[in-house]
Structure formats: structure tokens, C-alpha cells
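Good morning. I will go through one structure, part by part. Please look at the sequence and the model first.

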Amino acid sequence: MIFYILAVFLLLLFSFSILLLQLFSLLFGRRGNGCRVYGERAIGQRQQQAVAYAYLGRGDGTLAVLSDASGSGISGKAAALSSVRCFCSGFQLSRKEREEELLEELFREANSRLCRIFYGQKGRASVGALFASGGELRYGISGELSLYLYRGRELLLLSEGQSAAAMIREGFRRGRISREAAERLLRRERSFRYLGREDYQGFAGAGEKLRLKRGDLLLLLNKEISGALGRRELEDLIRRHRPGRRLCGILIQKSRERSGGEAGNAGVLLLRA
């Protein structure tokens, strides 16, 4: 009983905080380093799933974070909101001279916070973070999110996150598992390196850097969108629509049309250099 009262209080507090962040972001779209960030989400019919996002900036950089969480009761909503809030507060308190370690610290602290909040209860989050600074992009993904780069009218997949499929294919490529084992494991759709686990194992993209070019567009999508729309269709939609919140809404709408049946929560972030 005490757990649920605390969870409801945290949920209300985090909801208000994220609402203020998103309102501020809408009023002032352009952030540090001249990057512009847009986000959108849609609530689905799955009560145990929740999506939250936020983006903010300062003179030396821009941070954008998307969280797709699940759990029993309201744990999914609390996990999504608390993980986003942790990234934002950590970014605001960070120092410029520790840019190299920023994402590592934010992911580690968010995982620890979720473990403390739920204390054995079911609450987990797939989280993706983009940090643009000095003309470079650092990114990190924990769980099942996908990151794309649109450059020169071509869409490139940068990361499938830490989905089971992505890690199985990497294991096969490196010769760690056989083809038969890989095919057998790929039939199971599981993600196990999300935030909120005691055995935290880091995130995809650690140490990666991307030199940004003017006009680059980064797309961070949750599984509801990336699973419904293929790369070619995403590329076509980007070519036909100006990057912005309207494009975010179109991606969500098209994924809903493709998926059919019971719609899950959808979330997307766009970062334009």
C-alpha cells in the first residue's frame, strides 16, 4: 500500500515536471549548438506501457531523451517519467569538462534510481539519449529503441539498441553463436538490457561519436514505430514532409495504420543539426 501511495505521488510530481519541460521546449525550439529538437507521443491501449520524452539545452550542448517503459499497475508510467527526469536533472547539474563521461553517468544513475524506486517491483524502461555538443553527437540506447540518421536524402540505421535481435546478430557476426542457435533465439522477441535491473550492463553506443553536418536529422523511435515502418517507408516520409512536430505526428499515425489491432504507446524524437 505504501509503495503505491509513493508511486502515485512520484508520478504526479514527475508528470508536472515533464509537462513544464515540454512546454518550455515548445516555446523555445532551438537549443545549444544550433540544434532543433521535436518530439511527440501517443497513448495506446496497453495499460502497462508508457512513453515520456524531454529535451533541453544550454550554451555548450543539447540533450534529448526518450523513455519507453512498462510495468505492473502504474509502474510503467512512473518508470518512464522518473528515467526522463533523472536524465534532465543530471544534465543540468553536469559540468562541461566531463562531457566524455556524461552519458555513462546519466544511464548509470537512471538505472540506480529505478532500482531504488521499485525495489523488486516490476518497472523497467528502454531509454535513448542524444547529446549534441561542439558539432558532434554522442548517443546511448538501453533496451529496444532504434536510432536513424537522415543525411543527403538517405536514411541510415545507426543502432537497434539492445534488443535481443540486435545482440544475437552481433554474436553471430563475431562467431560467438552458431547459425542454428541464432535462428532459434531470433524467434523470441525479448529485451533484457533495459534500465531498472540490478545487473546493469551498460548501453549501446557507449564511446560512439558522430560528426554532425548541417541539415542532419536524427530519429529516435520506440518499438511501436520502428516495428511497423521499414527504413524505405521512413525515408520516403521524411523526404515528403518538413522535419518538425507534424512529421513526428505523421510517423505515429502511419505506424498505427500499419500495426492495426491493439495499439501500443508510440514515441519519437527528432534532432536536426
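Which residues in helix 2 meet which residues in helix 3? From helix 2 they are S75, A78, A79, S82, S83, R85, C86, F87, S89, G90 and F91, and from helix 3 L102, L106, F107, E109, A110, R113, L114, I117 and F118. Contact here means heavy atoms within 4.5 Å. Sorted by class, the residues of this contact are twelve nonpolar, five polar and three charged. Ala, Val, Leu, Ile, Met, Phe, Trp, Tyr, Cys and Pro count as nonpolar, Asp, Glu, Lys and Arg as charged, and the others, Gly among them, as polar.

Before going on, the ground rules. This is a predicted model, where local features need pLDDT of at least 70 and side-chain atom pairs count only at pLDDT 80 or more, while totals for chains, interfaces and linings use all residues. Residues are numbered from 1 along each chain as its sequence is written, and side-chain values use heavy atoms, with hydrogens and water left out.

Back to the pair. Helices (H or I, at least four residues) and strands (E, at least two) are DSSP runs, numbered from the N terminus. Axes are lines fitted to C-alpha atoms, for helices over the stretch in contact, and angles run from 0 to 180 degrees between N-to-C directions.

Next, the core. The largest nonpolar core has 30 residues, and those with the most contacts inside it include F87, L103 and F107. Such a core is a set of buried Ala, Val, Leu, Ile, Met, Phe, Trp, Tyr and Cys residues joined through side-chain atoms within 4.5 Å, buried being under 20% relative accessible area with a 1.4 Å probe, protein chains only. Helix 2 gives the largest share of this core, nine residues. Leaving out residues up to four places away in sequence, L103 touches A129, F131, R138, Y139, G140 and F203.

Five strands form an open sheet in the order 1-10-9-6-7, with antiparallel pairing. Two strands pair if DSSP finds at least two bridges between them. Strand 1 (36-42) and strand 7 (154-159) are the edges, each pairing on one side only. Strand 6 (residues 145-151) pairs with strand 7 over five bridges, and R151 has E154 as its bridge partner in strand 7.

Last, helix 8 (residues 245-259) lies across strand 1, strand 9 and strand 10, at about 30° to strand 1. Helix 8 also packs with helix 7 (residues 231-240) at about 145°, their axes 11 Å apart.

Definitions and conventions. Buried means under 20% relative accessible area, exposed over 50%, partly exposed in between (1.4 Å probe, protein chains only).
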